[in-house]
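Please look over the model below before reading the points. They are meant to be followed with the structure open.

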Amino acid sequence: PMLLLSSCKGNPLPEGMDETQLLDAGREIVALLNDQDYETVASRFREDVRQANDITADVVKELMDSVSAAGAYVRETDTLATGQTDEESGEFYGVAVIYCKHQKKDVRYRIAFDTDMTMIGLGIEKQ
């Protein structure tokens, strides 16, 4: 399940966006998700995105529930920072891709941020 993210390949980040900062922001969201702090995660979405997609703590929880069979979070295994462009708006943004080992399956978290480092997308899927 995904909120607003398309395919993933390593592209340059938007100008002025720092890879370390992007990945750290992504790790923070992964930590919040695994602490079940869905309210905080929902509040991190940019206002227009949150309203347009009716993103609430319940929506974020449903996204995490979709990978609950993977078991509890164990550790991060790999990361990727990539730039993408929204086909509709033309907005250029960065995506932190965080690969994590969970007890039963691996999970890929994809967290998109605009150039102001405000979250605009979230995708979570079992590998």
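1. Leaving out neighbours within four places in sequence, Y109 is in contact (heavy atoms within 4.5 Å) with V30, L33, N34, M64, A96, V97, I98, C100, H102, G123 and I124. This is a predicted model, where local features need pLDDT of at least 70 and side-chain atom pairs count only at pLDDT 80 or more, while totals for chains, interfaces and linings use all residues. Residues are numbered from 1 along each chain as its sequence is written, and side-chain values use heavy atoms, with hydrogens and water left out.

2. Y109 is also among the residues that touch the most other members of the largest nonpolar core, together with I29, L33, I111, F113, L122 and I124. This core has 38 residues. A nonpolar core is a set of buried Ala, Val, Leu, Ile, Met, Phe, Trp, Tyr and Cys residues joined through side-chain atoms within 4.5 Å; buried means under 20% relative accessible area (1.4 Å probe, protein chains only).

3. Which element gives the most to this core? It is α1, with 7 residues. Helices (H or I, at least four residues) and strands (E, at least two) are DSSP runs, numbered from the N terminus.

4. Strands β2 (residues 73–85) and β3 pair in the antiparallel sense over 11 bridges; to pair, two strands need at least two bridges found by DSSP. R75 has K101 in β3 as its bridge partner. The hairpin of β2 and β3 has 6 residues between the strands, and G90 there takes a positive phi near 80°.

Key:
Buried < 20%, exposed > 50% of the residue type's maximum accessible area, 1.4 Å probe, protein only.
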